[in-house]
Amino acid sequence: MGTRSALWSFANKFFTCGVIGVYVSDRFVGVAPVRGSSMSPTLNPGTTSLMGLPIDDYVLVEKQCLQNYKFSHGDVVVFSSPSNHKERHIKRITALPGEWIGTRHSYDVLKIPEGHCWVEGDNSSSSLDSRSFGPIPLGLVQGRVTHIAWPPQRIGAVEKRTPQDTISSS
């Protein structure tokens, strides 16, 4: 009977911790891997391990910003791809609803619709971003990146910055 009681106690604690963990990662903070070089040098700057293989950054994603869609220029966000909901991208917000955006490589000027934002990767030569798929709905944003959590030598806050030549207020 003692073994059954101990097993039940362990299962109960394990289940409770699992439920709390899912709640925290869904509502408050999560961890996301950074794939590719579109946000280099901010994320995945090409750091290599001892064996010469690249190490992907893992970032903390804060989700409290989703309650009122409180974003600002320079925020790095995680969002679902507008063309494939199973893919997640990490990019920097460069324009918010109601602002005008002029892209660097063309003469197009676009007003960002309400409920949308313009996102771009820091490494424009290898980034699939709003220059390819246009403004993204704020409803696709899953959170704001606040810190690099892995690898240990890169742990720290993610800098907020935005290109000054692309935005203007309405």
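Helices (H or I, at least four residues) and strands (E, at least two) are DSSP runs here, numbered from the N terminus. The model is predicted: local features need pLDDT of at least 70, side-chain atom pairs count only at pLDDT 80 or more, and totals for chains, interfaces and linings use all residues. Residues are numbered from 1 along each chain as its sequence is written, and side-chain values use heavy atoms, with hydrogens and water left out.

Start with the whole chain. The protein chain holds 2 helices and 11 strands. Along the sequence, the pattern runs α-β-β-β-β-β-β-β-α-β-β-β-β. Of the 170 residues, 34% are buried (under 20% relative accessible area; exposed is over 50%, partly exposed in between; 1.4 Å probe, protein chains only). Contact means heavy atoms within 4.5 Å. Among contacts between residues at least 6 apart in sequence, 60% join residues at least 24 apart. The chain exposes about 10300 Å², and carbon and sulfur atoms supply 59% of that area. Accessible areas come from the Shrake-Rupley method with a 1.4 Å probe; for residues, only the protein chains shown count as cover.

UniProt, in an unreviewed entry, lists "domain: Peptidase S26" for residues 10-103 and 111-150. Such annotations may be inferred rather than shown by experiment. The span 111-150 is 10% helix and 45% strand, and its end C-alpha atoms lie 37 Å apart.

Now go to Asp129. Asp129 sits in the loop between strand E7 (116-120) and H2. Its relative accessible area is 0%, so Asp129 is buried. Beyond neighbours within four places in sequence, Asp129 contacts Lys91, Val119, Glu120 and Gly121.

Next comes Ser130, in helix H2 (residues 130-133). Ser130 counts as buried because its relative accessibility is 2%. Ser130 touches Cys117, Trp118, Val119, Pro135 and Ile136, leaving out residues up to four places away in sequence. Take Val119 from that list. Ser130 and Val119 are 11 residues apart in sequence, yet 5.4 Å apart in space, C-alpha to C-alpha. The Ser130 side chain reaches the backbone nitrogen of Val119 at 2.9 Å.

Val31, Tyr58 and Trp150 make a nonpolar patch of about 300 Å². Patches are made of residues with over 30% relative accessible area and no salt bridge, like charges being joined within 9 Å and nonpolar side chains (Val, Leu, Ile, Met, Phe, Trp, Tyr) within 5 Å. A salt bridge is a side-chain nitrogen of Lys or Arg within 4 Å of a carboxyl oxygen of Asp or Glu. Tyr58 belongs to strand E2 (residues 58-62). With a relative accessible area of 30%, Tyr58 is partly exposed.

Terms used: Polar contact = N/O pair within 3.5 Å; in protein donor to acceptor, adjacent residues only side chain to side chain.
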